[in-house]
Amino acid sequence: MNGVSLQLRILAIIKQVPDSNAAIKVLPGGSGIDFTGLKLVPDPFDEYGIELAVQLKEKRSDVTEIVALTFGSEKAAETLRVALAMGADVGVHISDPKLESKDEIFAAQVIAAAIKKDAAGFDLILCGKYNIDLDAGAVGPALAEFLDLPHVGAVTSLEIATDGKHFTARRRIEGAEEVVECGLPALLTIEKGLVEPRYPSLPNLMKAKKKPVTMLTSAELPGLEASNEGVRFESIAPPPPRPDCKFIDGEPPQMAKELVRLLQQEAKVL
Amino acid sequence: MPDTKTPDFYNIDSLLTDDERQVRDTVARFVDDRVLPIIADCFEHERFPTELIPEMAELGLFGPTLKDYGCAGLNNVAYGLIMQELERGDSGIRSFASVQSGLVMYPIHTYGSDEQKNRWLPQMAKAKAIGCFGLTEPDGGSDPGTMKTRAEKKGGDWVLNGAKMWITSGSVAEVAVVWVMTEHGVRGFLVEKGIPGYTTRDIPHKFSLRASVTSELFFDNCRIPESNRLPKAEGLGAPLSCLTQARYGIAWGGVGAAIACYRETLEFCRQRILFGSPLINKQHMQVRLADILRRITLGQLLALQLGRLKDEGTMHHTQVSMAKWNNVRMGLDVARECRDILGAGGISVECCPVRHMLNLESVITYEGTETIHQLIVGREITGVAAF
Ligand SMILES: Cc1cc2nc3c(=O)[nH]c(=O)nc-3n(C[C@H](O)[C@H](O)[C@H](O)COP(=O)(O)OP(=O)(O)OC[C@H]3O[C@@H](n4cnc5c(N)ncnc54)[C@H](O)[C@@H]3O)c2cc1C
């Protein structure tokens with residue numbers, strides 16, 4: 001890690017996920033979800049991390065570089081490009097069918113291996129508090145563990161000291177707000193609302209094509225195989241269909257009686 | 001499985017480049033987040049949402065095909081997709097962008113001096129200056145060759161007299177590109193807000209494009225220096241070439257408006273239960289939905305091929321005429337059909353089809369009425385001008 005100079009190098013991790021408005025179709029047999037024609041977007045929580053990194057660079061002269069990293073399919077290049085258009089300087093794209101897995105602990109291992117390959121090291125690693133596709137929230141904490149870094153989760157506000165060596169972060173917990181102080185380097189996962197992600201402008205989207213992107217596959221990250229998985233994916237099923245809605249007709253007194261009868265005899269909740 | 005939801009029934013997405021898709025998705029997101037939540041209210045209260053202008057500029061929506069002046073240098077298909085998404089929001093928002101890019105930045109870029117370009121284009125890309133385009137006059141927009149507004153050379157200056165009508169963004173514009181008759185034929189001038197003899201007045205009581213400013217421009221012995229004349233614009237061909245740009249964008253816009261109506265109507269048909277089953281299960285409703293999807297799909301293919309021709313440099317203006325005619329007619333018919341399917345709720349501004357339907361009544365008239373485009377294509381077939 002870059003503990004020597006008064007310079008901050010930031011890594012922001014961003015995953016491509018299905019759009020939250022898209023209808024998810026489960027493959028026959030529950031082997032996964034059908035990605036054909038599925039609209040994919042940058043994870044909105046990870047976008048907070050990118051935006052935070054860009055705002056830090058705009059405000060502070062000691063931020064030397066923002067690296068955006070994505071681990072996903074070939075198509076995830078689109079998401080990386082959004083991050084670069086928002087203001088990240090360079091990209092890292094880990095993509096290899098051999099590394100495909102739904103286990104976030106394994107994903108964290110892969111990302112940790114990629115980070116360890118980077119000689120300059122990072123002072124601050126940012127990602128969303130969870131990704132909207134798997135809702136597991138394991139990548140951040142697991143990555144911190146693999147990199148032996150302190151981790152602060154679901155951060156709602158952040159102040160980095162002028163010397164760039166430690167920070168104060170706030171996080172919302174049940175009924176209170178927690179304030180933590182921590183040294184850098186560290187890994188932070190970001191809660192909604194910390195910053196408002198900008199739209200990548202169209203000129204920046206075009207310029208982003210020219211920013212350097214390092215491609216990594218299992219060849220560059222040896223020793224990692226999806227069989228390392230801590231959690232094995234079994235199957236996926238669509239949520240059960242909503243039961244039919246029943247309309248009760250009649251005058252209010254009869255309707256109330258009928259409702260009580262249904263709740264007692266049919267729904268058996270009374 | 002063909003995508004009937006977005007809709008993209010013919011997988012037209014696969015004909016787009018990564019750049020084009022990403023531009024579209026970026027603008028789509030802006031429209032979903034920023035335009036859709038406020039636009040019904042703007043329409044109802046006849047208010048143009050000026051608060052969106054800085055964000056649109058920040059996104060790079062003005063002059064996006066230009067390569068310099070801080071613009072994105074996109075191709076024409078990407079530009080078309082921007083117009084499609086903006087009009088999916090509202091024709092008024094798309095009109096604002098069309099005028100700024102196609103009718104003001106384009107003529108300054110094409111017919112302006114270096115000094116005019118350097119002065120206006122960077123400012124206009126950032127929307128620090130807003131523009132309008134004055135061609136139509138009170139006595140008949142379809143025949144601009146008979147325009148009455150005149151400019152006479154007096155000393156080194158030009159003196160303008162006359163009026164323009166139905167001018168989008170007229171009163172909010174810092175600069176108007178005004179087309180007037182001179183003794184040498186039609187010429188274009190950059191008329192700046194606030195100069196003596198130049199006034200504007202907004203046109204009230206519109207039932208269409210209510211989220212857009214439409215104004216009259218008046219010139220009363222208005223003195224314009226020669227340096228504000230567009231030096232390379234000679235004759236009616238110059239303003240008509242601007243119209244080709246804007247009409248091209250409108251051909252995409254019609255698709256956007258139709259998509260908005262279709263999405264809302266399809267959802268309604270899924271939810272609405274009549275005679276014991278949802279509307280989507282009714283044979284006649286399926287025929288109507290299938291017909292709407294057919295029309296949208298044809299419009300999408302027409303717009304895309306037009307864009308490819310434009311990017312190749314082989315597009316002919318009569319092809320633009322056919323696409324503007326077809327796609328605005330398609331959008332209007334789809335909007336009316338959707339309005340009807342929504343039943344009584346369909347007359348409320350809370351549902352988008354009635355707003356699009358009313359808006360498209362302007363769009364089918366401006367930039368050449370439907371009849372004018374039919375006559376342009378007719379002339380192309382027969383070689384005979386029958387205007
Ligand atoms: C909301 C709005 C915004 C506008 N913004 C602008 C702008 O920014 N700048 C600008 O310059 N103009 C603008 N216009 C004006 C628009 O371009 C004109 O309204 C249009 O060109 C038609 O002109 P007109 O209204 O005078 O109709 P007319 O030309 O008088 O036409 C009347 C009718 O006659 C038909 N017709 C015309 N010629 C023939 C023919 N030969 N044979 C048979 N039928 C014919 C037409 O199709 C139409 O139905 C705008 C209009 C609207 C409604």
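Biologist: Which classes of residue make up the shell around the ligand?
Modeller: In this predicted model, the shell has 11 polar, 9 nonpolar and 1 charged residues.

Biologist: Which residues are closest to the ligand?
Modeller: Of the 21 residues that surround the ligand, the closest are Leu135(B), Thr136(B), Gly141(B), Ser142(B) and Thr369(B).

Biologist: And which elements supply at least two residues of that shell each?
Modeller: In chain B these are β1 (131–134), β3 (157–168) and α10 (370–382). The largest share comes from β3(B), with 3 residues.

Biologist: Why does the ligand lie between domain 2 and domain 3 of chain B?
Modeller: Because both domain 2 (131–228) and domain 3 (237–382) of chain B give residues to the shell around the ligand.

Biologist: How is chain B divided as a whole?
Modeller: Chain B has domain 1 (12–125), domain 2 (131–228) and domain 3 (237–382). Taken over C-alpha atoms, the centres of domain 2 and domain 3 of chain B are 30 Å apart.

Biologist: How many residues of domain 2 and domain 3 of chain B are in contact?
Modeller: On the domain 2 side there are 10 residues, in contact with 9 residues of domain 3 of chain B. The side of domain 2 of chain B that touches domain 3 has 7 nonpolar and 3 polar residues, and no charged residues.

Biologist: Turning to chain A, how many helices and strands are there?
Modeller: Chain A has 6 helices and 11 strands. Its C-alpha trace spans about 80 × 45 × 40 Å along the principal axes.

Biologist: What percentage of chain A is buried?
Modeller: Buried residues account for 36% of the 270 residues in chain A.

Notes
Residues are numbered from 1 along each chain as its sequence is written. Chains are lettered from A and ligands numbered from 1 in the order in which they are written. This is a predicted model: local features need pLDDT of at least 70, side-chain atom pairs count only at pLDDT 80 or more; totals for chains, interfaces and linings use all residues. A residue is near a molecule or strand if its C-beta atom, placed from the backbone, lies within 6 Å of it. Helices (H or I, at least four residues) and strands (E, at least two) are DSSP runs, numbered from the N terminus. Ala, Val, Leu, Ile, Met, Phe, Trp, Tyr, Cys and Pro count as nonpolar, Asp, Glu, Lys and Arg as charged, and the others, Gly among them, as polar. Domain bounds come from an automatic or database domain assignment. A residue is buried if 20 or more other C-beta atoms lie within 10 Å of its own, exposed if 12 or fewer, and partly exposed in between; C-beta atoms are placed from the backbone. Two residues are in contact if their C-beta atoms, placed from the backbone, lie within 7 Å.
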